[in-house]
Amino acid sequence: MKLENIIERILKNNFKIKDIISLLSLDNKDDLEVLYKKAFETMLTFTSGKIHLRAIIEFSNYCRKNCRYCGIRRGNKDQKRYRMSSEEIISVSIEAYKQGFRTVVLQSGEDLYFTKDKIGDIIKRIKEKVDIAVTLSVGERDYETYRYWKMCGADRYLMRIETTNKDLFKKLHPDDDYEYRIRCLKWIKEFGYELGTGIMLGLPKQTLEDLANDILLFKKFDADMIGCGPFLPHNGTPLFSEKMSDVNLTLKFLAVLRLVMKDINIPATTALGTIDPYGREMGLKAGCNVLMPNFTPVAYRKHYLLYNNKICIFEDANKCYQCTLERIKNVNLKASDSKGFREHS
Ligand code: SF4
């Protein structure tokens, strides 16, 4: 089957899982160029074509869980732990707004010190002060908590599933139940958040069929944002000796995702920029339309290492912002000045 025909079928929403697997299997340079070009054109056609910026604030690296790939898992006793105060989180969010961001992503490990009320209060106080979208990325909670945070003004919720292969999910997440994760994602969607989820690519024992199934599940959920990054081992985890993923698998996945879910928001992640110095630019050229510069105060950044060699941990917030704008310019695109909600086509 010709590559162009497969792409056409996917764009017309008339495809089978084997079509996705064929695209994920491509390894010829010319074929990959065709795939990335088509994904880029799709991004330009079905979104505003501008790149949305989200300021990430990593406000606590305490975590009650022990995910086997993650550097801040509770079992990593070498990890120095920190929590920002509510006041600090609010003032850094206001600073992000003043710098030009229209979304903050408040991210942490699963830290129950930050209760339903504490996070609700932070959201309300940010919203009272500045007109900025608030994305939460704080893991699994209960039905009532998600409902309450939405009422407090949260706009988006980001919770990756990492893989939809249930056996692999169980092996990677000793504390988690796959069905509960799915239930959380459904609640989040039901309460009217923009739903962000995603996976890690190149995990040990993950197959192309798993990746194709991930895409099909995201489509079924009608997720609004999908964040994916390559697997990068961390030396404080049980997976430290596993092979690091490669940039091409991530780029292929992102491009196919764009063809299948044309109008969603897809970030070119920091992990992509870690595996290759031009990874984020390559991501934009393969259909991504979001960048998420690190806005965590520099003193904390080096303690929020989910994987080894994470980039952008010494630069101050302004430098990260300017560097991000430069990267967008380098690929002849423009930064958006909106809150960057999904523009349903
Ligand atoms: S992936 Fe998230 S939940 Fe799992 S250990 Fe890391 S921070 Fe905690």
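1. Strand β2, helix α4 (residues 86-99) and strand β3 form a β-α-β unit that is right-handed; that is, with the strands pointing away from the viewer, the path from the first strand over the helix to the second runs clockwise. Helices (H or I, at least four residues) and strands (E, at least two) are DSSP runs, numbered from the N terminus.

2. The model is a predicted one: local features need pLDDT of at least 70, side-chain atom pairs count only at pLDDT 80 or more, and totals for chains, interfaces and linings use all residues. Residue numbers start from 1 along each chain as its sequence is written.

3. The open sheet consists of six strands in the order β2-β3-β4-β5-β6-β8, with parallel pairing. Its edge strands, β2 (55-60) and β8 (225-226), each pair on one side only. Two strands are taken to pair if DSSP finds at least two bridges between them. Strands of a sheet pair through backbone hydrogen bonds, either parallel or antiparallel.

4. Five bridges connect β2 to β3 in parallel, and Ile57 has Leu106 in β3 as its bridge partner. Strand β2 is largely enclosed by the rest of the structure because six of its six residues are buried. A residue is buried if 20 or more other C-beta atoms lie within 10 Å of its own, exposed if 12 or fewer, and partly exposed in between, with C-beta atoms placed from the backbone.

5. Strand β3 (residues 103-108) is joined to β4 by five bridges, and the two run parallel; Gln107 stands opposite Ser137 in β4. Strand β4 (residues 133-137) is mostly covered, with four of its five residues buried.

6. Between β4 and strand β5 (residues 156-158) there are two bridges, again in a parallel arrangement, and Thr135 stands opposite Arg156 in β5. Helix α6 (residues 143-152) carries the chain from β4 to β5, in a β-α-β crossover that is right-handed. Further along the sheet, two bridges join strand β6 (residues 194-197) to β8 in parallel, where Gly196 stands opposite Met225 in β8.

7. Helix α3 (residues 29-46) has 18 residues and reaches 26 Å from its first C-alpha to its last, close to the 26 Å expected at 1.5 Å a residue; the expected span is 1.5 Å times one less than the number of residues. Its buried residues are Leu35, Tyr36, Lys38, Ala39, Phe40, Thr42 and Met43. The elements covering them include α1 (3-11), α2, α10 (247-260) and α12 (279-285).

8. Leu23, in helix α2 (residues 17-25), counts as buried because it has 25 C-beta neighbours inside 10 Å. Beyond its neighbours within four places in sequence, Leu23 is in contact (C-beta atoms, placed from the backbone, within 7 Å) with Ile6, Leu35, Lys252 and Val256. Leu23 and Phe253 are 230 residues apart in sequence, yet their C-alpha atoms are 8.6 Å apart.

9. Asp27 lies in the loop between α2 and α3 and counts as exposed because it has 8 C-beta neighbours inside 10 Å. From Asp27 to Ser108 the separation is 81 residues in sequence and 37 Å in space, C-alpha to C-alpha.

10. Around the ligand are Cys63, Lys65, Cys67, Cys70, Ile72, Arg73, Gly109, Glu110 and Gly139, where a residue qualifies if its C-beta atom, placed from the backbone, lies within 6 Å. This shell divides into four nonpolar, two polar and three charged residues. Ala, Val, Leu, Ile, Met, Phe, Trp, Tyr, Cys and Pro count as nonpolar, Asp, Glu, Lys and Arg as charged, and the others, Gly among them, as polar.

Definitions and conventions. Two residues are in contact if their C-beta atoms, placed from the backbone, lie within 7 Å.
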